[in-house]
Structures are given as C-alpha cells and as structure tokens.
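Please read them with the structure open.

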Amino acid sequence: MASGNSPPSPAPLDPLRVPSHVAIIMDGNGRWASSRGLPRSAGHRAGLGAVRRAIEGCRDLGIRILTLYAFSTENWRRPSHEVGLLMGLLHERLVAEAEELQRSGIRVRIVGDLGAIAPETRAQIERVEAMAVESQALLLNIAFNYGGRAEIARAARTLAEGVRDGRFGVEQISEPALAECLYTAGLPDPELLIRTGGEQRLSNFLLWQAAYAELLFLDVYWPDFDRHHLVAAVNEYQRRQRRFGGATSA
C-alpha cells in the first residue's frame, strides 16, 4: 500500500472535460492508523484532512458536485465505540465547519436514512443545509447511513405507493421516474468514482447512479489522499473513452 507519497505530476488537465460530478469511497482510515500503531480513531480524525483537501481540490478544478461516502448502512456492524466516534465526528464537523463552508461557497447536503441519527445532529444537518443554499462553488453530498440497495428499495416503495394511491399508472414507472425518487434526484450521475484503500468494489455505494461512472481504485489510504491524487484521477478520467454502450467513430 502506498504511503503519503503523491503520484508523479500528471499531464495538464483539459478544463473543458473536467467531470461535473465526482464520487469518492473514503476507505483506509483504520488501516492507515494500524500501520502506524495508532488506534482506528486516529485514522478517522486524520481522514478529515483528506476531506478538506478533496473539497478544495474539486472546487479549484471546477468540479460542481462531490459526493463522499462517509458512513454506510453496514457500518453499524462496527464496534459501538467506533460507531459513536463516527456519529460524533459528523456532528462536531457540521458545527465547526458550517460557517467556513458557507464563506467558501460550499453547499452541503446529507444523503441517506437519517432516521437513526441523533435528533440534535439532524437539527444541525437541517441548519447547515439551509445556510448555504444560495452557494454555487460546489455541492458537497455526504452519504451518511447510506446504502445503495436500501436507496433503490426506498425508491421502488415510493413508486408503488404512487400507483396504489392512484397518482400515476404502472406504465408510467420508468428509469427517470425511479431516479427522481433517489436521494440524488435532480443531480447528474457521477462521471468519476474514486475508491481509496486498495479495495476494488463499490460496497453498496451509488449502485444506480454509478452505472456508467468511470471507476478508479487507488492504492493509497484515505488520510494520505491529496490534491495530486485528485488531479491524477481526473487526468485518468480524461484519458478514457466513454461510449455508454455505443461504438467509437471510425
């Protein structure tokens, strides 16, 4: 596993082909800490620095939307003290960073099932989401208590209830109709999905939205992720041909 070394400087980016939506699976906090003989909590706190670097990097590159996978519906299986730490970090950073995010033009949305989140944290989420509603520099989606399968099932339930209540017919159920029932309704799908930590799977993240995303798996732990990794990822994205099931021209 690569340490904190940044990759070599990539080729200059084409500003006209920067992805509008980048999604990141922030993986490797625990292993980063273990490799240094530190508790996992140290890895999670170190990962906050990488979050800042990713936000600033996306904003500076002109990426309009950044979606970060912060806590999955499966993460409840972790030890209770670690779950408590992650819940506490969400609340702590929302309180500490809210005004700075607003000044920087960062609009924040939390996507996921927030029913299991503490009421005081839900209240803080509502406050932060309302604070920067007019900001345009970057939309930051934080997927928290999020699972792709649960999201699709929730959308299917919403559509079924619409048919049951007579608001529309079965024949009106379509891919766009289901997409409008997802947490990301109204947003473009991610064009680039990055996973740090060396694993090569989606882990229940944006299963619907990532159908045609370019996937990039980085051999670097999340706390070591920096601007150079982001630029290199966008550079790799620009090297790829996106065909969406079609054929390239001769």
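1. Overall size first. A compact globule of 250 residues would have a radius of gyration near 18 Å, and the protein has 19 Å, which agrees. The radius is taken over C-alpha atoms, and the globule rule is 2.2 Å times the number of residues to the power 0.38. Along the principal axes, the C-alpha trace spans about 60 × 55 × 35 Å.

2. Provenance and conventions. This is a predicted model: local features need pLDDT of at least 70, side-chain atom pairs count only at pLDDT 80 or more, and totals for chains, interfaces and linings use all residues. Residues are numbered from 1 along each chain as its sequence is written, and side-chain values use heavy atoms, with hydrogens and water left out.

3. Fold. The protein has seven helices and six strands. These are DSSP runs numbered from the N terminus (helices: H or I, at least four residues; strands: E, at least two). Their order along the sequence is β-α-α-β-α-β-α-β-α-α-β-β-α.

4. Of the 250 residues, 46% count as buried (under 20% relative accessible area, 1.4 Å probe, protein chains only). Take the contacts (heavy atoms within 4.5 Å) between residues at least 6 apart in sequence: 79% join residues at least 24 apart.

5. Helix α3 (residues 80–103). At 1.5 Å a residue, its 24 residues should span 34 Å, and the end C-alpha atoms are 35 Å apart, which agrees. The expected span is 1.5 Å times one less than the number of residues. Even so, α3 bends by about 50° at Glu 97 (the angle between axes fitted to the seven residues ending there and the seven starting there). Glu 97 is among the buried residues of α3, as are Glu 82 and Met 87. The buried residues of α3 pack against α2, β2 (65–72), β3 (106–111), α4 (119–131) and β4 (138–146). Just after α3, Gly 105 takes a positive phi of about 75°.

6. Helix α7 (residues 227–239). Its 13 residues reach 18 Å from first C-alpha to last, close to the 18 Å expected. Asp 226 caps the N-terminal end: a side-chain oxygen lies 3.0 Å from the backbone nitrogen of His 228. Buried residues of α7 include His 229, Asn 235 and Gln 238. The buried residues of this helix pack against α2 (40–61), β5 and β6 (214–217).

7. Thr 184. Where does Thr 184 sit? Its place is the loop between α6 (175–179) and β5 (192–195). Thr 184 counts as buried because its relative accessibility is 10%. Leaving aside neighbours within four places in sequence, Thr 184 is in contact with Glu 151 and Gln 209.

Methods. Buried < 20%, exposed > 50% of the residue type's maximum accessible area, 1.4 Å probe, protein only. Polar contact = N/O pair within 3.5 Å; in protein donor to acceptor, adjacent residues only side chain to side chain.
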